[in-house]
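Hi,

Here is the structure I promised to pass on. Have a look at it first, and then read my notes below.

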Amino acid sequence: MERIEQHASFGGRQEVWQHASATLGCTMKFGIYLPEAALRGERCPVLYWLSGLTCTEQNFITKAGAQQHAARHGLIVVAPDTSPRDPTGSLGVADDAAYDMGQGAGFYLNATQPPWAAHYRMQDYVAEELPALVERHFAASGARGIFGHSMGGHGALVTALRHPGRYRSVSAFAPIAAPTQVPWGRKALAAYLGADPAAWREWDAVELVRTATERLPLLVDQGEADEFLPQLRPELLQAACAAAGQPLTLRLHPGYDHSYYFIASFMGEHVAHHAAALRAG
């Protein structure tokens, strides 16, 4: 691994690292905030953030304002990129001219269809390779939480639901809650997974809630002025959770849109939600 960025922040340090990913077959970057306790070598819980379409690790670490809250609660916060990358074009990582497919739009799943299957295994990366790397190289405990925004909110919910026992907490900002039922999701799922809708349901939070064996409380914030509401469908998640007995706190915020202004406004409450679970016991 190579550290390519570091900045003192709220008594801790915001860093960016790059490494060769065996899972994705390319070089990946991730941001990591290390609170003061972690810099002293004390083992700290880790909160993983998954970003939305078109983002890299930079959007979250520069706009969300998470560092001050992570410092207060003594949490490490890790923010990976949203897909495999191939800036030189030498690795054969597939891409698409549209913003909602290809590089920058990995959807946190494991692709099975060409040309995507060779590199697009973001689920294995965020759930397995990246945590193993963080826990090996930093002062990280085995206590993990996960949250995200939009495509990353979908990723956080799906990752937690697919891996019972791996995370102690989960939350989302404006997630794509039912990708099998909206254009963004159907486009990506068909390309990455093929034409069979049965395969799509394995990557849909609304579908997974119905058969989940673990009932981690879900916290979801949604802006009512979000221009992408027809793609997000929080009401479908609410109905599925009610039917399954899944604990859900869905908070609707008048006037808030889909931007990082919205995310930053409620970031402190999300970090506190995770800290309560990650510090318990």
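In which loop does Tyr108 lie? Tyr108 is in the loop between β5 and α4. Before I go further, please keep in mind that this is a predicted model.

As a reminder, most residues other than glycine have a negative phi, and most peptide bonds are trans. Tyr108 has 1% relative accessibility, so it counts as buried.

The loop between β5 (76–80) and α4 (122–137) also holds Pro115. A cis peptide bond joins Pro115 to Pro114, with omega at about 0°.

Phe10 is another non-glycine residue with a positive phi, about 50° in this case. You'll find Phe10 in the loop between β1 (2–9) and β2 (12–21). Is Phe10 buried or exposed? With a relative accessibility of 55%, Phe10 counts as exposed, whereas Tyr108 counts as buried at 1%.

**The pocket**

Next, the empty space. Rolling a probe the size of a water molecule over the atoms shows where such space is left.

The largest pocket holds about 180 Å³ of space. Its lining is made up of Thr27, Met28, Lys29, Glu57, Asp81, Arg85, Asp86, Pro87, Leu91 and Gln103. Which element supplies the largest share of that lining? The answer is strand β3 (residues 26–34), with 3 residues.

**The cavity**

How many cavities of 30 Å³ or more does a search of the whole structure find? The search turns up 1. The largest cavity has about 80 Å³ of space in it, and the residues around it are Leu157, Ala160, Leu161, Val170, Ala212, Thr213, Glu214, Arg215, Leu216, Leu218 and Gln246. By class, 7 of the residues in this lining are nonpolar, 2 are polar and 2 are charged.

Helix α5 (residues 151–162) gives the most to the cavity lining, with 3 residues. In an α-helix there are 3.6 residues a turn, so residues three or four places apart point the same way. Leu157, Ala160 and Leu161 are among the lining residues, and in α5 these residues are buried.

The helix itself has 12 residues, and from its first C-alpha to its last it reaches 16 Å, close to the 16 Å expected at 1.5 Å a residue. Of the 12 residues of α5, 11 are buried, so the helix is largely enclosed by the rest of the structure. The buried ones include Met151, Gly152, Gly153 and His154.

**A few single residues**

Gln222 is in strand β8 (residues 218–223). Its relative accessibility is 1%, so Gln222 counts as buried. The side chain of Gln222 has a polar contact, at 3.1 Å, with the side chain of Asp226. Leaving out residues up to four places away in sequence, Gln222 touches Ala174, Leu229, Leu232, Pro234, Arg251, Leu252, His253 and Phe262.

Past β8, Glu227 sits in the loop between that strand and α9 (229–232). Glu227 has 52% relative accessibility and therefore counts as exposed. Apart from residues up to four places away in sequence, Glu227 touches Asp257 and His258.

His73 and Ala272 are 199 residues apart along the chain, and their C-alpha atoms are separated by 7.4 Å. His73 belongs to helix α3 (residues 66–73). Its relative accessibility is 25%, so His73 counts as partly exposed. Setting aside neighbours within four places in sequence, His73 is in contact with Val271, Ala272, Ala275 and Arg279.

Cheers

Notes
Residues are numbered from 1 along each chain as its sequence is written. This is a predicted model: local features need pLDDT of at least 70, side-chain atom pairs count only at pLDDT 80 or more; totals for chains, interfaces and linings use all residues. Side-chain values use heavy atoms; hydrogens and water are left out. On a 1 Å grid over the protein atoms alone, a cavity is a set of points where a 1.4 Å probe fits but cannot get out, and a pocket is an open set with protein on both sides within 12 Å along at least five of seven lines; lining residues have an atom within 4 Å of a point. Grid points are joined across faces, edges and corners, and a volume is the space filled by probe spheres set on the points. Helices (H or I, at least four residues) and strands (E, at least two) are DSSP runs, numbered from the N terminus. Ala, Val, Leu, Ile, Met, Phe, Trp, Tyr, Cys and Pro count as nonpolar, Asp, Glu, Lys and Arg as charged, and the others, Gly among them, as polar. The expected span of a helix is 1.5 Å times one less than its number of residues. Buried means under 20% relative accessible area, exposed over 50%, partly exposed in between (1.4 Å probe, protein chains only). A polar contact is a pair of N or O atoms within 3.5 Å; within protein, one must be able to donate a hydrogen and the other to accept it, and residues adjacent in sequence count only if both atoms are side-chain atoms. Contact means heavy atoms within 4.5 Å.
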